[in-house]
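Q: I would like to go through this structure piece by piece. Could you take my questions as they come?

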Amino acid sequence: RNQESSSSGHCLAVLLSRLANAVTPLWRLPYQEQLQVKYEGQRKILQTLTSRLEELGIDAQKPGELCCPLQPVVPSPILNGYRNKSTFSVNRGPDGNPKTVGLYVGTGRGRNIVCVKANHMENIPSKHKQVAQCYEEFICRSPLDSCILFHEGGHWRELVVRTTSCGHTMAIITFHPQQLGQEALAAQKALLKEFFTFGPGAVCALTSLYFQESTMTRCSHEQSPYQLLHGAPHIFEELLGLKFRISPDAFFQINTAGAEVLYQAVGELCQATGDTVLLDICCGTGTIGLSLAHRVSKVIGVEVVEKAIEDAEWNAAFNGISNCEFHSGKAEAVLPQLLASWEDARPLVAVVNPSRAGLHYRVVRAIRNCSSIRRLLYISCKPEGEAMRNFLELCCPPDPQKKLAGEPFAPVLAIPFDMFPHTVHCELVLLFTR
């Protein structure tokens with residue numbers, strides 16, 4: 001038994017180390033060394049962009065140089081526990097418990113997935129870990145199984161925890177209804193609410209508890225509404241002196257303190273004047289546009305998540321900002337219509353902050369073909385991915401076949417921001433002008 005216990009302890013230690021190395025691969029390095037690793041990574045990305053531009057006949061100013069200057073990585077003000085949003089999975093743990101709440105080690109293809117508790121992860125705050133532990137306690141008490149594979153049944157699925165510097169905590173629990181009727185569903189929701197308000201989960205002091213019935217891996221509020229079981233419908237965050245309302249599925253930068261540094265830099269790079277119009281594409285809850293509204297004559301925001309637009313409009317009204325308008329819908333549908341008839345003589349600066357999937361081609365085309373946009377800031381969390389395609393579309397020579405008639409942009413400056421300490425990722429801001 002001692003040998004078995006020792007072996008089990010060793011296996012767990014290995015899994016904990018594997019998880020830390022997978023999610024936060026730089027966690028063992030001193031922070032200055034982390035920044036240097038990230039700088040080299042961003043430099044390789046710019047080298048790739050430079051080579052791709054050269055293939056299009058667009059050479060760097062000097063042979064052997066990058067297509068634009070790369071500044072040092074801007075450090076994060078907070079190194080540990082900086083995440084304001086964490087997603088925890090439910091699956092079989094190292095001890096065989098099928099109701100373990102944590103993060104995955106292994107792959108589905110390799111059929112070796114193990115769900116490991118994230119208590120040792122340096123980028124996750126203690127509040128998130130506490131909520132995850134309580135959720136695990138709740139589902140372990142439940143007679144209903146966890147839902148590991150949809151076709152095999154089970155109900156309890158992932159947990160999302162969102163927190164703010166104002167002390168607010170939102171928990172969103174995803175549940176597969178399978179064949180349960182409305183009465184049985186109502187009973188489960190009542191038990192969940194009871195546990196987190198008067199039971200052991202009350203220690204989490206949740207300000208919002210949401211429940212979502214979902215038969216898909218991911219689904220939006222429009223596909224399956226978030227059901228508020230307890231507390232307030234929103235949490236609130238303060239950023240650069242403004243107050244922001246956040247809905248369950250609204251985008252907000254994962255590192256709030258880092259976002260303040262990022263948005264201040266974006267404001268400087270825009271070189272906005274009192275008559276500038278700021279086009280905020282993929283605006284989320286309006287954080288960038290609203291934080292810069294005092295510098296410009298008007299802000300126009302576009303966002304696909306309808307609830308996020310409702311948040312943005314509320315945020316503008318609450319903060320007494322009246323020079324903003326927000327449009328709900330896919331950017332590829334909204335933006336071409338918005339810019340096709342653009343006749344405003346005021347300077348127009350665009351800021352885009354898309355997801356990892358990058359911008360739809362029609363969005364890039366609308367920006368290229370709008371001659372009023374002379375300055376563009378592209379904020380990318382994955383510049384080596386689909387964003388690279390966007391960069392090339394923005395800079396390539398006019399192409400009648402692709403309906404790219406507008407004057408091409410040119411990259412003039414790149415600044416990485418470390419929004420994700422202990423990982424290899426950066427938020428890269430690329431400034432384009434024409």
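Q: In which sense do strand 1 and strand 4 pair, and over how many bridges?
A: Strand 1 and strand 4 (residues 156–163) pair in the antiparallel sense, over four bridges. Two strands count as paired if DSSP finds at least two bridges between them. Helices (H or I, at least four residues) and strands (E, at least two) are DSSP runs, numbered from the N terminus.

Q: Before we continue, what kind of model is this, and what does that imply for the values?
A: This is a predicted model, in which local features need pLDDT of at least 70, side-chain atom pairs count only at pLDDT 80 or more, and totals for chains, interfaces and linings use all residues. Residues are numbered from 1 along each chain as its sequence is written, and side-chain values use heavy atoms, with hydrogens and water left out.

Q: Back to the strands. Which residue in strand 4 is the bridge partner of serine 86?
A: Serine 86 has valine 161 as its bridge partner in strand 4.

Q: And what about strand 1 and strand 2: how many bridges are there?
A: Three bridges join strand 1 to strand 2 (residues 100–105), also in the antiparallel sense. Asparagine 91 stands opposite threonine 100 in strand 2.

Q: Why is strand 1 described as largely enclosed?
A: Five of the seven residues of strand 1 (residues 85–91) are buried, so the rest of the structure largely encloses this strand. Buried means under 20% relative accessible area, exposed over 50%, and partly exposed in between (1.4 Å probe, protein chains only).

Q: Changing topic: how many salt bridges are there?
A: The count comes to 13 salt bridges, where a salt bridge is a side-chain nitrogen of Lys or Arg within 4 Å of a carboxyl oxygen of Asp or Glu.

Q: Which residue does lysine 189 pair with?
A: Lysine 189 forms a salt bridge with glutamate 213, with the closest N and O atoms 3.8 Å apart. The pair links distant parts of the chain, since lysine 189 is in helix 4 (residues 182–197) and glutamate 213 is in strand 6 (residues 208–213), 24 residues apart.

Q: Are lysine 189 and glutamate 213 buried or exposed?
A: Both lysine 189 and glutamate 213 are buried.

Q: Where in the chain do arginine 389 and glutamate 393 lie?
A: Both residues belong to helix 10 (residues 386–395), four residues apart, about one turn of the helix. Salt bridges that share partners join Glu386, Arg389 and Glu393 into one network. Between arginine 389 and glutamate 393, the N to O distance is 3.4 Å.

Q: Why does arginine 389 count as partly exposed?
A: Arginine 389 counts as partly exposed because its relative accessibility is 30%. Glutamate 393, with a relative accessible area of 11%, is buried.

Q: What does cysteine 381 touch?
A: Not counting residues up to four places away in sequence, cysteine 381 touches Arg356, Cys426 and Glu427. Contact here means heavy atoms within 4.5 Å.

Q: And where is proline 383?
A: Proline 383 is in the loop between strand 14 (373–380) and helix 10. With a relative accessible area of 1%, proline 383 is buried. Leaving aside neighbours within four places in sequence, proline 383 is in contact with Gln42, Ile45, Met388, Phe391 and Leu428.

Q: How far is proline 383 from arginine 43?
A: Proline 383 and arginine 43 are 340 residues apart in sequence and 11 Å apart in space, C-alpha to C-alpha.

Q: What follows helix 5?
A: Glutamine 271 follows helix 5, and its phi is positive, near 50°.
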